[in-house]
Amino acid sequence: MLKQSLFLDACRGIRRDRPPVWFMRQAGRYLPEYQAIRAKHSMLDTIRTPELAAEVTLQPIRRFGFDAAIIFADILNPLIGMGLDLDFVEKSGPIIRNPVRSASDVDKLIIPDPASNTAYTARAISLVAEELTPRGIPVIAFAGAPLTLSAYALEGGKIGDLRTLKEFMFAEPKAWQRLQEKLVAMIVDYLVQQVDAGASAIQLFDSWLGQLSPYQYQTAVEPYLRSIFDQLRARTSVPLIFFSTGTFGLFPEFSTLPIDVLGVDWRVPLSRAADALSRPLPLQGNLDPITLIAGGAGLDAEVARVLEEGRSLRAHIFNLGHGVLQYTPVENVQRLIDLVKGYRR
Ligand code: CP3
């Protein structure tokens, strides 16, 4: 585990002469060298072969010099060991062939032993850390949050308005609670496993949380999120990052969670995000990923604007407001990195 770097300093609220920069989905289909690997190996095989996962994690670091690496995996593959039949279908996305539909389905779910369920990711992290630690670049561990994992487990595939999830939440409150508790146990063990393997920070992804009302958040989500962060605080010493989308209305609530950094999507300016918090958290974000596809003078102007917004924060980690999209030109990514790395406060 790396103890100090530009990125880790920012996570702890220490501002240096420029913000660190990394992207969600920085390893992915916009990179020709990633596509070359995926032409020969399926998504799940790439995730489950430590040498391939490590190679794909390192590709964007070599090409662009990001200030942090996020381990290549998905939020969904750990669900396999719970008994869910997950696959990634080419050009369509993830599918779970035996979704959870009843209280007895919840009871059948297993809390997996990470040593057998996700040993491949732990091994991939140690391979990446071996190469990056001497270069002072940290590895980020990640997992999906219980609400977002529940969305896939219950809906089974394409996700829209979360109708199946919300119906289950209302009709089966006890089963909902048991599902959340099992997911919390899986997530905490999995993240601790990743830190033990050499990761230096943790990011929890809650991509679908923006579909819930504040009341649903308070009653059906917040207790489990808090439990995860409390347990991670007790069992690790790494910075904790929370990312969600479409959740600006919940930012006052988020500031009471025991987190170190809040990820912000592109829908709200960073300065307004900071104003909504009850304590000055370092913020991560928040360039619109489509701006990065568009490039040109519009990209330059948006990067300058986000950097400027970041100046008034406790600390700023430059990122996109969501993951890099497939048709992003690599030269635009390079341009963004050059702009951020050339910036001085
Ligand atoms: O950020 C990184 O570089 C690390 C790898 C990573 C992936 N998925 C690889 C991936 C991370 C952090 C994720 C998180 C993830 N996965 C989230 C949360 C963040 C978000 O985007 O909201 C979610 C909701 C998923 C579930 C998921 N995985 C979906 C909906 C899809 C299909 C849509 C798509 O973009 O293809 C995936 C597939 C996936 N996960 C790919 C990658 C690189 C594309 C697979 C391919 O190569 O074809």
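## A guided tour

Begin by selecting Thr291, which, leaving aside neighbours within four places in sequence, is in contact with Gly298, Leu299 and Glu302, where contact means heavy atoms within 4.5 Å. What you see is a predicted model, in which local features need pLDDT of at least 70 and side-chain atom pairs count only at pLDDT 80 or more, while totals for chains, interfaces and linings use all residues. Residues are numbered from 1 along each chain as its sequence is written, and side-chain values use heavy atoms, with hydrogens and water left out.

Thr291 sits in helix 14, residues 289–294; helices (H or I, at least four residues) and strands (E, at least two) are DSSP runs numbered from the N terminus. Is Thr291 buried or exposed? Thr291 counts as buried because its relative accessibility is 14%, and the cut-offs are under 20% relative accessible area for buried, over 50% for exposed, and partly exposed in between, with a 1.4 Å probe and protein chains only.

**The largest pocket**

Next, look for the largest pocket, which has a volume of about 1600 Å³. Of the 45 residues that line this pocket, select the closest to its centre, which are Arg25, Arg29, Asp74, Gly93 and Pro94. The elements that give two or more residues to the lining are helix 2 (32–38), strand 2 (86–89), strand 3 (93–96) and helix 14, and helix 2 gives the most, with three residues.

A pocket is found on a 1 Å grid over the protein atoms alone, as an open set of points with protein on both sides within 12 Å along at least five of seven lines, whereas a cavity is a set of points where a 1.4 Å probe fits but cannot get out; lining residues have an atom within 4 Å of a point. Grid points are joined across faces, edges and corners, and a volume is the space filled by probe spheres set on the points.

**Around the ligand**

Now select the ligand: of the 23 residues around it, Arg25, Tyr34, Arg38, Ser207 and His322 come nearest, a residue being counted if one of its heavy atoms lies within 4 Å.

Arg25 has a positive phi of about 65° although it is not a glycine. Most residues other than glycine have a negative phi, and most peptide bonds are trans.

Met24 lies in the loop between helix 1 (6–11) and helix 2, but Met24 is buried, with a relative accessible area of 3%. Leaving aside neighbours within four places in sequence, the residues in contact with Met24 include Gln203, Phe205, Phe243 and His322.

**The largest cavity**

A search of the whole structure finds one cavity of 30 Å³ or more. To see what surrounds the largest cavity, select Pro112, Pro114, Asn117, Thr118, Met186, Asp189 and Tyr190, which line it. Helix 6 (114–117) and helix 10 (173–196) are the elements that give two or more residues to this lining, and helix 10 gives the most, with three residues.

**A covered helix and two backbone features**

Select helix 8 (residues 146–155), where 10 of its 10 residues are buried. What covers the buried residues of helix 8 includes strand 3, strand 4, helix 9 (163–171), helix 10, strand 5 (201–206) and helix 11 (214–235). Just after helix 8, Gly156 takes a positive phi of about 90°.

Move on to Lys91, in the loop between strand 2 and strand 3, where phi is near 65°, a positive value in a residue other than glycine. Lys91 counts as exposed, at 86% relative accessibility.

Finish at Gly285 and Asn286, which are joined by a cis peptide bond with an omega of about -10°; Asn286 is placed in strand 8, residues 283–287.
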